Amino acid sequence: MKAAILYGNYDGKGNALVIRTNNLVDPLYTIGGYLIGFTKNHIAYYHFVKSDFKNDDKNSIDAGYYSVDDWLRYWADQIKIEEVRKFENVLFEHVMNGDLIVIQKHKIAQNMINYNINEEYEYVWNSNQHLLPFTEKIYIPAGITAVPLTYNPQQNATNFFNNTKHLINQVSGDKKDELSKALVYSAYCIHHINNSILTLFAEPAYLDLITEQKNFWSNPFTDTSGLNEDEIINLVHNFYVEVLNFYSTGFRSKKKIESASQNKKFFYLTLFMGVKALTSLTSKLKLEILKSATNEMSEYFEREAVENLIVRIACSFDVNSLNKIDEFLEGLIKQENLINKEQVTLYQYIYDRMSTSWNMKKGIIQITNWIAKTSFQPVNTKSAFVQALYSLWQFSKFNPYNEDGELKTGVLYIKSLEPNKNKPSTDAFFVEDSSVPAPNVLYNYSYETAYQVSIGVHSGWPYAYAGDTEHFYKIKYPSAAPISIPYESEKRIGIFFDNFTFEFNGTKIQATQNKLPWIDTDSYFSKYSETSQLYGTYDIFQPVSLINNNIDSAVPLLTIYGDKVKIGNGNLTINSFVPVFVLKMIDDLGDKSDAETVLGYAVDGVLTLSGVGNLTKLRHLKWAALGMQETALVSKTGLRIVLGGVEFTSGVLGFFANFVECSPNDDFCKNVKNFIMLLQLATLSVSAVDTVSTLALKASARRIAKAAGGNDAITIRQNVENRLRQLNPSADNASIQQAASSIYLFSGVALSPKVIKAILKKISNAFKGKSWGMDVTYTDAFLTDYIKLCKQELGLTEDIITDLVYVANRKEPANKFITTDQLILQTKFYVNEVLKRGFSAGFSNLNDYKQFCNTFRNKLKQNFSEMPKNLSHYFDDAEFVVQGSGTRTWKIGDPEPPAGLIKPTKQPEDIDIGVVLQPWQYDAFQQELIKSINQMIDTGTINKKQGALIVDRIRFSNDKIMYRKIFDELEINNKNFLEELRESCKDFTNFDAEGINFAIIKKYDQADLKPAIDFKY
């Protein structure tokens, strides 16, 4: 009898089922060789997992073999989940000793002539068992020879493979195998897209778009010169992700496509089109696609694919289609395109529904593993959408500057909303008297803010003392739109808090100013002494200038009247114009690092669209000191910019402004030019304060230092200075020295011995009073290099570095110790994979993680609410996090990390959840929990002796109340507290129920260890 190894975790313990196949026809194998599909009684069955079903149905379905036709009809909303026929596992006939195992897998080799070769392996089953470990690499005994099986090639896939296989020779070692696999898999996807998806679009109207896409697939990597091996690997890997997503989306939508109307069918076709093909469409067609997309965003699974299409549409412009940008942007905010039900702009409707937590580069949907043994995490589509539009904005009529850096005529007008005020009217742009007819301009601004403030005396409680000074804010000018915003940003507990919020209001965006002084008081209730009020109302694409007085430098400002004015204590600077739709996204993201990433990504968009290698003609991206004369609102006199802790004086900025052109082979010079370009863009960051920097700018400075050469701080800095002097010998020495110092300091190479010594001492102090110390392999030399890695390359804080070293050196139990090599791998994996994707080990995708987090938190609160004393309120504001090895390691079933990122060797055994309470909350909860246990003892709910032991354990839990021997011994409504909690959320994680653990932790105490991954909801 013939037999095969079924795909999937058959028994929930990591084993695959081996079955006889004589009664099955049309076997279908995964690329790796597992049996993934077959036909029985004229019904084709494929293996599907929970994530292959709609979000609302995942809890009522198990992984298994289901009718393909039913599954497609289910996704077309033609039948319900319970009508999808399943081939039950009991119907499979188990393999018997002596049966012939047949495995068909795709051939992957560095020297393949074409992509379309399978390999068949056969061997005799010499066992009475019917299970095998389900691993990424299927079991084939040693010495078995493969028989090649060629299947019919598809021309588009053949062209792709023939035009790209030369890349295999541009990488070395194991990377050749990795690249070969990505190219073959990509060709495989193109093959099946052409044969089973594009054939559904036979109408002539679709021919041009399909031809454009196929032409791109035939040769997608036209210029790889200058790319290193890792960049080539990533390029091909990201392409594979894209075509795999297209195939998965198309396969799932086949029934919908077959029954769709012409307009809807065109929309489905665009789901499989890349940016290059979409570029050929008119702006009107692109807007129609976006309007069709809004109808699909209500379905969760479909929404993921649709969001990626929306981003591709926003990116589908090039240097030859700049004249289409205005029509496209206008269409996003036009009255005629308002979404009927909500009466909001097309832009707002899309923006509100786009995700803010997915990683664009990794792909957009959870791919079913019957295509390939791969999982992909979703994307950050909200910021990607805004970033793309921001790049378009810079080349549109909405940008107030022309290419020569001059303010366009008829683009803005500042007027007084109080016409009786006496203001000068010497500038043609700024007509001051509202009695003069207002010109027809794109943007109207006002001198006044929406609110006006008056000062009075507070009447007394509840918030302060009678007689305290009170500030009263009244909206006097609801249509006000000040051209400048006094934006501030402050970092607290790792999060940046700013003093403005931005909200949609019809076709406008309202800016509300927070932290306005309310009551000057010395009372206990001084925390209530701030208030908020409307500041201004703007068009969605209208730009504002950011003023910030939270900077440690005195910067005089030339106001629009031409007078130097000092605001507050005189510490003030001003940034260039930034459109408010970008500020709203930064405000919504909340975390400053996200804001910096947004602006860093915008560079790539600008360069791609403009087709030029610098931004010298995009003057709205820079400050006045880089120009030859004053522009708009800022004087270059005495200007200082502080970025990332490094000051750039007007002398340094002037040196950069006049930097020479580079010769073709001068990498140092090119890196300096790139640094200058990024420095210009950096002024668009949230505020020009000491904390502002972009990752791109820091990376650029490090490349300059590397190109300059040197093994120590003094040599590197001197080499940078010498090279700058060679390139610009006419510049004065002071400016060159300051420029060299600025680049050197910004590169992060300059981690002083004093800083390293302080961190080493902090690490040493962490072990005081502990039963174990640092292992002998953790030498000062290693720790110094590790600190440099963490601080300079990975950007980690001292607390995280200390906790990582402390945890790595645990000796009990023995398997807890982490070697120095593995610590480096785990640390890099935490920063470069876990942090970026947004969830810990043990989850296939972000949606599963969110469901786990929601379910765990809600069930924990429910359990505590059902105790004799309702304790659930303690967890309303608690921080829920994942701690432990799951924050820095990889587990089978997790998304595959990017090419080139090495997985740590050890996989996590469990998931450690920390429920973190403020110290005073923890102490109060601890006492209330003891009282609740005592009530359970009194009522006989728990044995007196057992209850006394639990109380003692809680009482002596100074900083952490563990689940073990406390909550695992409590019964709530005749159900075990811990078992109920684990059972509620086990279906959303790759850990077994027994591997779901938690502890109640006192914040800032020893158990509050880093790194930790926040719960997401």
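Buried residues account for 53% of the 1017 residues in this chain. What we have is a predicted model, so please hear every value as computed from it. The chain has 28 helices and 35 strands. On contacts: take those between residues at least 6 apart in sequence, and 69% of them join residues at least 24 apart.

Now strand 5, residues 43–48. Five of its six residues are buried, so the strand is mostly covered. On one side, strand 5 is joined by four bridges to strand 4, residues 35–40, and the two run antiparallel. Two of the facing pairs can be named here. Threonine 39 has alanine 44 of strand 5 as its bridge partner, and phenylalanine 38 stands opposite tyrosine 45. In general, the side chains of a regular strand alternate between the two faces of the sheet.

How many residues lie between strand 4 and strand 5? Two, and the strands form a hairpin. In that turn, asparagine 41 has a positive phi of about 55 degrees.

With strand 6, residues 64–67, strand 5 also has four bridges, and that pairing is antiparallel as well. Tyrosine 45 comes up again here: opposite it in strand 6 is serine 67.

Helix 2, residues 155–164, packs with helix 3, residues 174–197, at an angle of about 160 degrees, and their axes are 8 Å apart. That angle makes the two helices roughly antiparallel, the cut-off for that term being over 145 degrees. The crossing of helix 2 and helix 3 is right-handed. Helix 2 contributes Asn156, Ala157, Phe160, Phe161 and Thr164 to the contact. From helix 3 come Leu183, Val184, Ser186, Ala187, Ile190, His191 and Asn194. By class, the residues of this contact are seven nonpolar and five polar, with no charged ones.

The second pair is further along the chain. Helix 23 covers residues 798–808 and helix 24 covers residues 820–837. Their axes come within 11 Å and cross at roughly 140 degrees. Helix 23 and helix 24 are therefore oblique to each other. Helix 23 passes helix 24 in a right-handed crossing. Which residues make the contact? On helix 23 they are Ile800, Leu804, Val805 and Ala808, and on helix 24 they are Leu823, Thr827 and Tyr830. Six of the residues in this contact are nonpolar, one is polar and none is charged.

To put the two pairs side by side: helix 2 with helix 3 is roughly antiparallel, and helix 23 with helix 24 is oblique.

Note on methods. Residues numbered from 1 in each chain as written. Predicted model: local features only at pLDDT ≥ 70, side-chain atom pairs only at ≥ 80, totals over all residues. Heavy atoms only, no water. Buried < 20%, exposed > 50% of the residue type's maximum accessible area, 1.4 Å probe, protein only. Pairing = 2+ DSSP bridges. Axes fitted to C-alpha atoms, helices over the stretch in contact; angles between N-to-C directions. Parallel < 35°, antiparallel > 145°, perpendicular 65-115°, else oblique. Left-handed = near helix turned anticlockwise from the far one by under 90°. Contact = heavy atoms within 4.5 Å. Nonpolar A, V, L, I, M, F, W, Y, C, P; charged D, E, K, R; others polar.
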